[in-house]
Amino acid sequence: MNRINWIDWAKALGILLVVMGHSQYSNENIVHMIFMIHMPLFFFISGYLYNKKGIKELHISNWNSLLLPYLAYNLAFALFIVFSRVIKLLLGEEVDWIYSFVNPLYHTVFGIANGIFDGPTWFLLALVWCKYISYLLHKSDKKYIKIIIVFLSVVLFVIRQFSDTQFPLAIDCALVGFIWFELGHLIKAMQIKFPFYAWFIFAPIGFWSCYKIFLFNGQCNYMIADVKGFLGLLGTGMGIAAFFSVCKILGKYNSCVIVHISQASIVIMCLHMMIQAPMETITHYQNGLLTTFTGDLLIVLTLTAIYPLLKKYIPALTGRRK
């Protein structure tokens, strides 16, 4: 498969942002800014790389690359939680099974994004819906189906913005993520080109605008489908434009490390939280700036190193990616 260098940079830097977003930095605005763009950029990349397929091929692809990893990772986390809680019981500590196991089990089974065993895997469920919505919009030759899909999506999107109730199967996350998924798909189709120097202009303007909008309007959180209205979408859009401008610049440089991190992004996304908590307990690396970043980078590199083993022996955890 031919690789797109700036996409590899985007996935590698983006997955580092995902890990950083779940850490505690001395400047809390770092995490708030990360939340403005880190998951939308992965929806954008997924849309950009999305190849239109037949419905049967799409079913198989979604099962192998998204649904099977969702089930596998959450099963692994459930077993990890049971094991760790049993150890606590043996040590004479109290365990709240409702909070630590029953509630996450409920959220995982019904796909309610905020509270599943392996938190970041909500993205996998949402991406399944994004691909099906895109299929119906672009492959269906019946206009009424397209009208129904658009109408239902808009109505559910609006309802979710004024409701605190999360939808099952991460449908609400898919609706807000589809904005960036479809944008990535359309930009790829339009083949928009800018002169190289333009990326040096877009990057500082985009990041500055995203930061100012965040300070004025508040932080977006796509896990709970909170886009903070039009201004939030604008801030996210400016942040994404800036991020990809940086990746376009870095795309001039080849790095095998970046390619390996990019390939391992699903493993890093789904396993980093299993490493973060024990690592923080042992080393107390968080709440600094340099130490926290160093710890997060170490997590990314460690999971990248074990990716080939998982790909060989437990391919379900890698989405059977080639």
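Which glycine takes a positive phi just after α8? Here are some friendly notes on this predicted model, and the first of them gives the answer.

1. **The end of α8.** The residue in question is glycine 218, which follows directly after α8 and has a positive phi of about 100°.

2. Helix α8 covers residues 196-217, 22 residues in total. From its first C-alpha to its last, α8 reaches 32 Å, close to the 32 Å expected at 1.5 Å a residue.

3. **The buried side of α8.** The buried residues in α8 are Ala198, Trp199, Ala203, Gly206, Ser209, Cys210, Ile213 and Phe214. In an α-helix there are 3.6 residues a turn, so residues three or four places apart point the same way. What lies over these buried residues? The cover includes α2 as well as α9 (229-250).

4. **α1 against α2.** Two packed helices are described by the angle between their axes and the distance between the axes. For helix α1 (residues 5-21) and helix α2 (residues 28-49), the angle is about 145° and the axes are 9 Å apart. The crossing of α1 past α2 is left-handed.

5. **Who meets whom in that pair.** From α1, the contact involves Trp6, Ile7, Ala10, Lys11, Gly14, Ile15, Leu17, Val18, Met20 and Gly21. The α2 partners include Ile30, Ile34, Phe35, His38, Phe42, Ile45 and Tyr48. Sorted by class, the contact of α1 with α2 has 18 nonpolar, three polar and one charged residues.

6. **α5 against α7.** Helix α5 (residues 122-139) and helix α7 (residues 171-190) have axes that come within 8 Å and cross at roughly 55°. The two helices are therefore oblique to each other. In this pair, α5 passes α7 in a right-handed crossing.

7. **The residues between α5 and α7.** On the α5 side, the contact residues include Trp122, Trp129, Cys130, Lys131, Ser134 and His138. Facing them in α7 are residues including Cys173, Gly177, Phe178, Phe181, Glu182 and His185. The class count for the contact of α5 with α7 is 12 nonpolar, four polar and two charged residues.

8. **A residue to look at in α7.** Is alanine 189 buried or exposed? This alanine sits in helix α7, and it counts as exposed because its relative accessibility is 59%, where the cut-off for exposed is over 50%. The C-alpha atoms of alanine 189 and tyrosine 48 are separated by 8.4 Å, although the two residues are 141 residues apart along the chain.

How values were computed:
Residues are numbered from 1 along each chain as its sequence is written. This is a predicted model: local features need pLDDT of at least 70, side-chain atom pairs count only at pLDDT 80 or more; totals for chains, interfaces and linings use all residues. Side-chain values use heavy atoms; hydrogens and water are left out. Axes are lines fitted to C-alpha atoms, for helices over the stretch in contact, and angles run from 0 to 180 degrees between N-to-C directions. Helices (H or I, at least four residues) and strands (E, at least two) are DSSP runs, numbered from the N terminus. A crossing is left-handed if the near helix is turned anticlockwise from the far one by less than a right angle, and right-handed if clockwise. Contact means heavy atoms within 4.5 Å. Ala, Val, Leu, Ile, Met, Phe, Trp, Tyr, Cys and Pro count as nonpolar, Asp, Glu, Lys and Arg as charged, and the others, Gly among them, as polar. Angles under 35 degrees count as roughly parallel, over 145 as roughly antiparallel, 65 to 115 as roughly perpendicular and the rest as oblique. The expected span of a helix is 1.5 Å times one less than its number of residues. Buried means under 20% relative accessible area, exposed over 50%, partly exposed in between (1.4 Å probe, protein chains only).
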